[in-house]
Amino acid sequence: MNSSILSRIDEIAPRIRGIANAIGNRPELGNEEFFAFETLTEALESFGFRIERHTLGLPTAFVAELDSGKPGPTVAFLAEYDALPDIGHACGHHLICSMSVAAAAGLAAALDDFGGKIRVYGTPAEETKGAKVLMAEAGMFRDCSFALMAHPYYAYEKSGSSMAMDALRFEYRGRSAHAAANPEDGINALDAVIQLFNGINALRQQTKADARIHGVITNGGKAPNVIPDYACADFYVRAGTRAYTNELVEKVKRVAEGAALATGCSLTISNYEFSYDELRTNETLSDAFTAALVALGVPEASIQRGNDHGSLDLGNVSLQCPAAHPYVQVVDEKFALHTVEFRDAAMKDRAFQGMLLGAKALAAAAYDCASSPSKLQAIRDEFEQQASKK
């Protein structure tokens, strides 16, 4: 393990703690993370990185790069910094972005050993319309040798998988009428939504085990004595692969069309959030992170097997370059993500210690891979093999 990397992270630790604390105390929703954007870009600039601000026209996106001027790999760290409505940084994104900034600054201390470039991608709005999706569509990760980030959690966990996901909105329009005086004149849009739910519930019997289809009614009418002329439901359709997700989406759309036909309503279907692809963990890269944790004193037996944690926009990145998304322990209680308990615990000193350990592991794993041509080749070979199977 490179001592200059660890020394550099120790040296900047007070500033990194300050960044995490400041962003944690000023939670901002996706694409509105203006304080976090300024805080992170100013810090990276002071660490010698060249900053591209407002990437792809997104007001709070950025790409920071440090170029050695020599040939070599391009190492990417990914930063997320959006908060959740009402409950703030209950997913620990203030720790994610600070961890990635610290890892990049630490790795910079050994950049001359392997040459190439270090990048930090500032990716807003992971919780809703993740910027990684747009960056992947623009091909911004294709020249990366690999991409790394780590997520705060109540345990250490290897990088696992995630589900591909489409966010579908179904809007039915019918005709209002008095529900008691002249119901025969009405076309009930809420009935269409109810049939949509019933049809999807029946569809679940014929889906693969990795499928998840779940939704809510966002508009079901205003008064019980008025037949609703408009009703709306939002659904997530998820599965283990993009191919099967696409197949499920078409089946769900046919169910929706059947409900419209049965009730006489018109139907509009749209995507209300970006579509996420499945995460394909690069195991060679993931193993390097696990080895770094162990070298930093984490007992290997305490690092859990990688699990599926829903959907995330890093999946789109992992289809363009080798990637890993491990979890690092920052709280000692078994608090679930997206809870006020996790949010509060993630602002304590214990969480900041875990964040800095995660930064050291990220930087050490990146150095281990970037400085080894054979490991870089193994990472690339595995990535291409995964791509050929999909």
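This report describes a sheet with its helices, the aromatic and charged contacts, and selected backbone features of one structure.

The model is predicted, with local features requiring pLDDT of at least 70 and side-chain atom pairs pLDDT 80 or more, whereas totals for chains, interfaces and linings use all residues. Residues are numbered from 1 along each chain as its sequence is written, and side-chain values use heavy atoms, leaving out hydrogens and water.

## The sheet and its helices

Helices (H or I, at least four residues) and strands (E, at least two) are DSSP runs, numbered from the N terminus. Two strands pair if DSSP finds at least two bridges between them. An open sheet is formed by four strands in the order β9-β10-β8-β11, with antiparallel pairing. Strands β9 (212–219) and β11 (266–271) stand at the edges with a single partner strand each, so one side of each has no neighbour in the sheet. On average, neighbouring strands of this sheet are turned by 20° against each other, direction ignored. Six bridges join β8 (residues 164–173) and β11 in the antiparallel sense; Arg169 has Ser270 in β11 as its bridge partner.

Axes are lines fitted to C-alpha atoms, for helices over the stretch in contact, and angles run from 0 to 180 degrees between N-to-C directions. Helix α6 (residues 189–203) lies across β8, β9 and β10 (230–239), at about 20° to β10. Helix α7 (residues 242–263) lies across β8, β9, β10 and β11, at about 10° to β8.

## Helix α8

The expected span of a helix is 1.5 Å times one less than its number of residues. Helix α8 (residues 283–295) has 13 residues and should therefore span 18 Å, which agrees with the 18 Å between its end C-alpha atoms. Buried means under 20% relative accessible area, exposed over 50%, and partly exposed in between (1.4 Å probe, protein chains only). Among the buried residues of α8 are Leu285, Phe289 and Leu293. Gly297, which follows α8, has a positive phi near 105°.

## Aromatic and charged contacts

Rings of Phe, Tyr and Trp (its six-membered ring) pair if their centres lie within 6.5 Å; planes under 30 degrees apart count as stacked, over 60 as edge-to-face and the rest as tilted.

| Pair | Centre to centre | Angle between planes | Class |
|---|---|---|---|
| Phe114 and Tyr367 | 6.1 Å | 70° | edge-to-face |
| Tyr121 and Phe141 | 4.6 Å | 45° | tilted |

Phe114 lies in helix α4 (residues 111–114) and Tyr367 in helix α11 (residues 349–370), so their pair ties together parts 253 residues apart in sequence. Both Phe114 and Tyr367 are buried. Tyr121 belongs to strand β4 (residues 117–122). Tyr121 counts as buried at 1% relative accessibility, and Phe141 does so at 0%. Phe37, Phe62 and Tyr81 form one aromatic cluster.

A charge sits over a ring if NZ of Lys or CZ of Arg is within 6 Å of the ring centre and within 35 degrees of the ring normal. Arg15 lies over the face of Phe47, 5.3 Å from the ring centre, and the charged end of Lys208 sits over the ring of Tyr244, 4.6 Å from its centre.

Asn31, although not a glycine, has a positive phi of about 65°. Asn31 is in the loop between α1 (3–25) and α2 (34–46) and is partly exposed, with a relative accessible area of 29%. Asp86, also not a glycine, has a positive phi of about 75°. Asp86 is in the loop between β3 (74–79) and α3 (93–108) and is exposed, with a relative accessible area of 80%.

Key
Contact = heavy atoms within 4.5 Å.
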